[in-house]
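Here's a quick briefing on the model shown below. Have the viewer open while you go through the points.

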Amino acid sequence: MWELIQANRRKSILIFITMGIILILLGYFFGVAFLGTEGGVFGIFIALILWGILSLVSYFSGSKIILSISNAKEVTKEVHPQLFNIVEEMTIAANLPKMPRIFIINDQALNAFATGRKPADSVVAVTAGLLSQLNRDELQGVIAHEISHIVNRDILFMTFAGIMLGAIVIMSEVFLRGYWIGGSSLNRYKNKSSGGGNAQAAIMIASLILAILAPILTRLLYFAISRKREYLADANGARLTRYPEGLASALEKLSQSSFNLRSANKAIAGLYIVNPLKKTGMKISDLSSTHPPISERIKILRSMMHGVNFADYQNSYDKIKGTSETIIPASGLNLSENIAIRSELEPIHNLTKKETQRKLGDIVMNVNKYKFYNCNCGVTIKIPPTYKADKITCPRCGEVNLRD
Amino acid sequence: MSAFLFFVIVIAAIAFYAVSIYNSLVRLRNQVKNAWSQIDVQLKRRHNLIPNLIETVKGYMTHERDTLENITKARSAAVDASSIADKSKAESQLSGALGKFNLVVENYPDLKANQNFLSLQEELTSTENKISFARQSYNDQVLFYNNKIEMFPSNLLAGMYSFIKEEFFEIEIEEEREVPKVKF
């Protein structure tokens with residue numbers, strides 16, 4: 001696993017360097033375009049400061065911001081023992097140093113994400129809708145996928161790549177606006193030195209092209225990496241659970257769900273297990289998407305017939321995609337291991353719509369610290385945390401129950 | 001002078017590389033140890049769950065005295081076992097007994113409606129899972145460690161500082177290879 005992480009890290013550093021060069025070029029050209037030749041260094045300086053501020057803010061408050069945007073609440077084991085157990089199981093399987101903290105999002109959409117900059121300080125968040133509709137094997141598949149993101153340091157990487165992208169987008173935006181508004185100030189330079197005028201105009205045009213192309217190119221780079229990491233997390237998830245069908249069947253349910261996540265926005269879309277913004281189930285490979293098409297992810301997982309090691313996933317990927325792009329770093333493919341697929345833990349038991357709704361309601365109430373009280377007549381009384389009285393009258397049998 | 005400097009730099013680079021390999025060997029060996037202790041932790045967890053489980057189901061399963069007694073017996077054998085061979089034998093007997101129990105539970109709808117029992121059952125399922133995941137993780141760590149010991153250039157250092165290959169956790173009994181099926 002360590003070698004895999006290292007290989008990932010090496011690749012990430014290459015991408016950071018590429019993005020960094022684009023950012024520095026932008027800074028330089030914009031500086032020159034606005035302030036003349038000596039402005040280049042100043043432009044680079046501004047670009048680096050912008051990048052530095054964005055990085056610091058996100059490094060020190062990253063998960064907090066994400067968790068508060070997404071409306072997630074931290075929960076204890078009593079709220080959902082099964083979820084806790086599954087996260088603990090996957091923590092053991094992945095040999096993480098510490099169990100991630102667990103959050104539930106009170107939303108009936110089906111989604112999940114992981115965050116946190118290092119494995120010892122990470123978070124897994126799932127929606128109440130997900131908990132109410134997935135069975136144990138499926139939930140395990142989803143959690144394994146999220147834990148894989150944590151193991152592979154994907155969150156740290158994607159956050160920093162996102163910041164780099166953000167800095168580039170802001171720089172270009174500022175430049176383009178400045179160009180339209182402050183066009184006249186640029187003319188001053190033209191008049192001052194008639195010899196430099198042509199060079200200045202050339203720089204101007206180059207900067208304009210750069211300002212338009214740089215964000216697009218960086219975005220494509222970012223999305224391509226993001227999609228690759230989703231595949232890798234699927235592969236690792238299947239390997240951890242020894243049961244690709246769990247994740248496949250969960251993804252299928254996620255793609256069929258018609259609820260949209262209310263709190264989702266563009267900034268954190270890349271973190272979720274499936275894209276919370278797009279209507280899912282699309283067939284065409286979308287270049288500008290953070291996630292691979294869900295139908296392809298399902299097909300790849302389902303055609304892993306022989307085993308669940310990394311090479312099996314890669315083979316299955318090649319077969320479905322018809323290409324041989326490497327998803328898994330070589331050190332993962334070279335592991336001489338043979339892992340069989342395990343059998344399902346419990347038969348798929350589909351709940352009716354009503355049962356699912358009740359389960360969802362119970363989870364939401366649990367998260368909001370409702371107390372559940374069983375009356376002798378069989379009715380479960382659900383008491384909101386604001387109810388302070390000692391006695392509870394059962395609405396069905398009228399029996400007065402004492403609060404314990 | 002510059003030749004000397006070059007020589008020093010090369011030596012320093014080699015030393016630095018060797019240290020990093022040595023450290024990763026140590027880290028991998030510790031991970032193997034850690035993964036092994038994780039199996040023990042989970043087995044203990046299972047031992048602690050069983051008295052609770054028996055207490056809860058005793059009233060319902062009056063006709064299944066044998067099944068319950070088997071579980072209790074297997075548990076105390078597992079708790080008392082000291083050698084690794086004894087331990088693994090006792091633990092697999094315990095797994096077998098619990099597997100039988102899970103089949104019998106099907107016949108007791110009352111029991112399956114009991115909230116207390118359901119949460120115990122979830123704990124039991126999860127503990128079984130955790131045991132098998134802990135074994136799986138142990139084998140993963142052994143694989144990474146053994147690979148590192150065999151591969152060049154880390155094999156040179158492994159030989160010098162006697163890092164020895166670890167054994168995989170193999171399950172001897174054939175039925176044990178299958179994950180115990182838990183039905184609800």
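**Starting point: one aspartate in chain A**

A:Asp312 sits in helix H11 of chain A, which covers residues 310-321. Keep in mind that this is a predicted model. The predictor puts the complex at an ipTM of 0.80 and a pTM of 0.82.

**Around A:Asp312**

- Is A:Asp312 buried or exposed? It's buried, because 22 C-beta neighbours fall inside 10 Å, and the cut-off for that label is 20 or more.
- Once you set aside neighbours within four places in sequence, A:Asp312 has contacts with A:Met304, A:His306 and A:Gly307.

- Chain A has an open sheet of 4 strands, ordered E1-E2-E4-E3, and its pairing is mixed.
- Which strands stand at the edges? Strand E1 (72-74) and strand E3 (112-118) of chain A do; each has a single partner strand, so one side of each has no neighbour in the sheet.
- Going from one strand to the next, the twist averages 25 degrees.
- E1(A) pairs with strand E2 (residues 101-105) of chain A in the antiparallel sense, over 3 bridges.
- For a residue-level look at E2(A), pick A:Ile104, which is the bridge partner of A:Lys73.

**Chain B: fold and shape**

- The C-alpha trace of chain B spans about 90 × 30 × 25 Å along its principal axes.
- What radius of gyration does chain B have? The value is 24 Å, while a compact globule of 184 residues would come in near 16 Å.
- Of the 184 residues in chain B, 29% are buried.
- Among chain B contacts with a separation of 6 or more, 75% link residues 24 or more positions apart.

**Chain B: how confident is the predictor?**

- Mean pLDDT for chain B is 83, with 92% of its residues reaching 70 or more.
- Where in chain B is confidence highest, and where is it lowest? Helix H1 (residues 2-58) of chain B is highest at 89, and helix H4 (residues 109-113) of chain B is lowest at a mean of 78.
- Over residues 173-179 of chain B, pLDDT stays under 50. The model has 10 contacts beyond four places in sequence for that stretch.

Methods
Residues numbered from 1 in each chain as written. Chains lettered and ligands numbered in written order. Predicted model: local features only at pLDDT ≥ 70, side-chain atom pairs only at ≥ 80, totals over all residues. Rg over C-alpha atoms; globule rule 2.2 N^0.38 Å. Buried ≥ 20, exposed ≤ 12 C-beta atoms within 10 Å, placed from the backbone. Contact = placed C-beta atoms within 7 Å. Helix = DSSP H or I, 4+ residues; strand = E, 2+ residues; numbered from the N terminus. pLDDT = per-residue confidence, 0-100. Pairing = 2+ DSSP bridges. Axes fitted to C-alpha atoms, helices over the stretch in contact; angles between N-to-C directions.
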